Amino acid sequence: MNLGNNLRFLRKNHNLTQEELAEALGLSPQTISKWENGITSPDISLLPLLAEYYKISIDELLQYDSASRKAELKALAGKVHALEHSGELEKAYNLLHGEIEKWALSVSMNHLLGSLAYQLAKEKADRNELLHEAIRQADKTILLDQDETGRSIQAKMLKCYCLHELGQQKDAVKLAHTLPSLFSSREVVLCRICDGVEREEAVRQANGYLKELLEELN
C-alpha cells in the first residue's frame, strides 16, 4: 500500500470526507484528493500533523502495510552497516546515498546517512560539504522523529559535532544545552535501581564513558 492509499484508508477508517479532513488541517479538498491519488505528496512538515491527527506514528502513517517495506529497509541497513563495520565507509555512504530518495521519510535511514556523512567527513581534507549534508540529515531526522524515539537526541548530538567542526561554536553550544544532562542517562538510572552484579556492570559502564571523556580532553 503506497502513501496515497494509506491516506485514503486512514481517512475512510475515521469516517471522514475529504472536505472534513481538509477543514481540520486547514487545507483544500483538492490537496487531499491529489495526495490520495498519488499526484502529489504531503510536505514533510505536514507529516507530524497528520500523524498526530490520526494518533499514530509517522512510520505507521508512511507504512501502514509495512511488512515487505520493513524487510527491504532492514536488508539495506544490514548491507550498509556491514560495509561500515568493515571500514568501507565511502562504499557504505555511496550505497545509502544512492537509495535515500526511496527512504526520504525514514527516520532511521536519514539518521544513518547523516552519521555516515559525518564519519566520512573526518577522513577528508575537503569535508565541509559532507558536514553540511550531515546537518541536513540531522535536521530531517529531528523533524520526522518528533522526539518519539532516541533518534532525535542522537541527531542533535550529531549536529552539535558538525557545527563544532565547521567553527560554529556558539550554535553548537546553544544546541547542546537542549540535550538531556548526564544524570538523565541510562547508566545513571541503572546504577540507582539495580543491585548486585547488574549495578556493578552499570557503574563499570558509566566509569568507562567518563574515563574515555577525560582521556579525550587530556
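I take buried to mean under 20% relative accessible area, exposed over 50%, and partly exposed in between, with a 1.4 Å probe and protein chains only. The model is a predicted one, in which local features need pLDDT of at least 70 and side-chain atom pairs pLDDT 80 or more, while totals for chains, interfaces and linings use all residues. Residues are numbered from 1 along each chain as its sequence is written, and side-chain values use heavy atoms, with hydrogens and water left out.

**Entry 1: helix H9**

I took helices as DSSP runs (H or I, at least four residues), numbered from the N terminus. H9 covers residues 128-145, which is 18 residues. I looked up its span from first to last C-alpha and found 26 Å, close to the 26 Å expected at 1.5 Å a residue; the expected span is 1.5 Å times one less than the number of residues.

I then listed the buried residues of H9: Leu-130, Leu-131, Glu-133, Ala-134, Ile-135, Gln-137, Ala-138, Thr-141, Leu-144 and Asp-145. Their cover includes helices H4 (47-54), H5 (58-62), H7 (89-99), H8 (107-121) and H10 (151-165). I use contact for heavy atoms within 4.5 Å. After H9 comes Gln-146, with a positive phi near 55°.

**Entry 2: H2 against H4**

I looked up the axes of H2 (residues 18-25) and H4, which come within 11 Å and cross at roughly 115°. Axes here are lines fitted to C-alpha atoms over the stretch in contact, with angles from 0 to 180 degrees between N-to-C directions. From H2, the contact draws on Leu-21, Ala-24 and Leu-25; from H4, on Leu-49, Leu-50, Tyr-53 and Tyr-54. I sorted these contact residues as seven nonpolar, no polar and no charged. Nonpolar covers Ala, Val, Leu, Ile, Met, Phe, Trp, Tyr, Cys and Pro; charged covers Asp, Glu, Lys and Arg; the others, Gly among them, are polar.

**Entry 3: aromatic pairs**

My rule pairs rings of Phe, Tyr and Trp (its six-membered ring) with centres within 6.5 Å; planes under 30 degrees apart are stacked, over 60 edge-to-face, the rest tilted. The count comes to two aromatic pairs.

Tyr-53 and Tyr-54 pair edge-to-face, at 5.4 Å centre to centre and 80° between the planes. Tyr-53 is partly exposed because its relative accessibility is 31%, and Tyr-54 is buried because its value is 4%.

Tyr-118 and Tyr-161 are stacked, at 6.2 Å and 25°. Tyr-118 lies in H8 and Tyr-161 in H10, so this pair ties together parts 43 residues apart in sequence. I noted Tyr-118 as buried at 12% relative accessibility and Tyr-161 as partly exposed at 43%.

Definitions and conventions: Helices (H or I, at least four residues) and strands (E, at least two) are DSSP runs, numbered from the N terminus.
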